[in-house]
Amino acid sequence: MSEPTFRTPKGTHDVLPEDHQYMTYIKKAVRHRARQAGYKRIDTPMFEDKGIFERGIGEHTDIVEKELFTVTGKRDGEGKERTYALRPEFTAGICRSYIEHGMQLLPQPVELYAIGQCFRYDRPQKGRYRQFHQFDFEVIGLKDPSLDAQLISMTCNIFKDLKILPRLNLQINNIGSQENRQAYVTALKDFFIGKERHLPEQDRERLKLNPLRLLDSKEEDTRILLKSAPTFSQFLSDESKQYHATLLEYLDALNVTYVPNEQLVRGLDYYTQTVFEFWDQSTGAQNAVGGGGRYDGLMELLGGKPTPGVGFAGGIERTIWHMKEAGVQVPNKDQVDVFVAQLGPEAKKACLQLVAELRDKGVHTVGALGEASLKSQMRLADKFEARYTLLLGKLEVKENTIILRDMKAGKQKQIAFKDAIPQVVDLLGKENLDTYVLRDHIGGETDED
Ligand code: AMP
């Protein structure tokens, strides 16, 4: 094959049919668990005013400083230019929507979930893309450790449903209130006075702009210094400690296994109190499959009234990777049940109808409607891995019959044309037909979206 002229942009990938089977399966698990817990689906635009992310996530976080995909709009009548950004995550946009649509008037908490693409202009590497998919849950309007516990337990259930929970490690921490964090940041800055020159350049910069990020540093020199630095827990208020202790009690009651981790801070500014991440057992933080936390100050940063919230986002690509590594098979819904082969203009017309009727009955049907010989059509049926082939040649048309071939058994029989559909339905089993009733669609969702 020659080199294609165009390829997907760096850091993006096509979701080919094989991976879609995983994606559909994951979305199903997410929707199922979300509905059980009363969450409602929301979709926000893929791009928002850049300020939403700068204010919400924080100007000096990696996501905003380095990874935002910005999109410049056209100048408006006054010559002003608006700058948008592709969403790097869902929370800030969903909170914007909560404020914009006055959702504080709804019964609280408002529980929302979203599934879709996110964008981060990061250096692409394994498990790190510039366009990727997340599933996301937000519980807005009430603050109680039982809400954090239920959210965490629901995400565990999803990973359990997908059979990858044993590969993951739930890390959990409490990073206190904004005031607790402020006090800790001051202490951390004081601690590093006179020690700056021992820090690598990037961490010196972090110390100036966002000292909490030093805790995430992978630099050896920084890690050594941090060993004697004040720890977060010394600055946690009694209230935060109590909140965390209660949360852990609730998690125990829900049989959720976790690893307390005082170093866990997460890379976004808006978090307060609870933070948690699902780490890969073998590689740790680097390829976390999901993470979340409480963000009680975010709404105010976005111009709303003080409103607490807690959320979680899982990465679909990394979830798929784990499922494959764990050998989890997902049902192949794209299986071809029947291949219809035909020869001659009369047969072709009859087959058009037959194919349409089979599909309508819920039989996955592929028809060879070209002019190829019957032999090559049969080869095609093999390639499609069809379970049965219905074969209508000139002779069969005259006799009002059709040939039904079981592809695996390699056996075939001639049957009356009118019996073709009932026989195929019988062979496949009514319960295996891919049918739906419109009732399932009220609410606007199909299996594929
Ligand atoms: P975060 O809120 O940054 O922890 O993101 C939540 C989850 O989204 C992560 O745990 C990953 O599974 C996934 N994720 C984040 N960034 C990327 C990326 N660049 N490529 C693929 N997945 C990502």
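## A proline in a loop

Pro 109 sits in the loop that runs between helix 4 (91-100) and strand 5 (110-119); helices (H or I, at least four residues) and strands (E, at least two) are DSSP runs, numbered from the N terminus. The peptide bond leading from Gln 108 into Pro 109 is cis, with omega near 0°.

This is a predicted model, where local features need pLDDT of at least 70 and side-chain atom pairs count only at pLDDT 80 or more, while totals for chains, interfaces and linings use all residues. Residues are numbered from 1 along each chain as its sequence is written, and side-chain values use heavy atoms, with hydrogens and water left out.

## Another loop to look at

Asn 255 is not a glycine, yet it has a positive phi of about 60°. Look for Asn 255 in the loop between helix 9 (238-253) and strand 8 (259-260).

## Two domains

The protein chain splits into domain 1 (17-177 + 237-325) and domain 2 (338-432), with bounds that come from an automatic or database domain assignment. Taken over C-alpha atoms, the centres of domain 1 and domain 2 are 49 Å apart.

## Helix 1 meets helix 11

Helix 1 (residues 17-36) and helix 11 (residues 316-325) have axes that come within 10 Å and cross at roughly 105°. The axes are lines fitted to C-alpha atoms, for helices over the stretch in contact, and angles run from 0 to 180 degrees between N-to-C directions. Helix 1 and helix 11 are therefore roughly perpendicular to each other (65 to 115 degrees).

On the helix 1 side, the contact (heavy atoms within 4.5 Å) involves Glu 18, Asp 19, Tyr 22, Met 23, Tyr 25 and Ile 26. Helix 11 brings Ile 316, Glu 317, Thr 319, Ile 320, Met 323 and Lys 324.

## Around the ligand

Of the 13 residues around the ligand (a heavy atom within 4 Å), Arg 120, Tyr 129, Gln 134, Arg 266 and Ala 288 come nearest. A polar backbone atom of Tyr 129 is 2.8 Å from a ligand nitrogen atom, and an N or O atom in the Arg 266 side chain is 2.9 Å from an oxygen atom of the ligand.

Note on methods:
Parallel < 35°, antiparallel > 145°, perpendicular 65-115°, else oblique. Polar contact = N/O pair within 3.5 Å; in protein donor to acceptor, adjacent residues only side chain to side chain.
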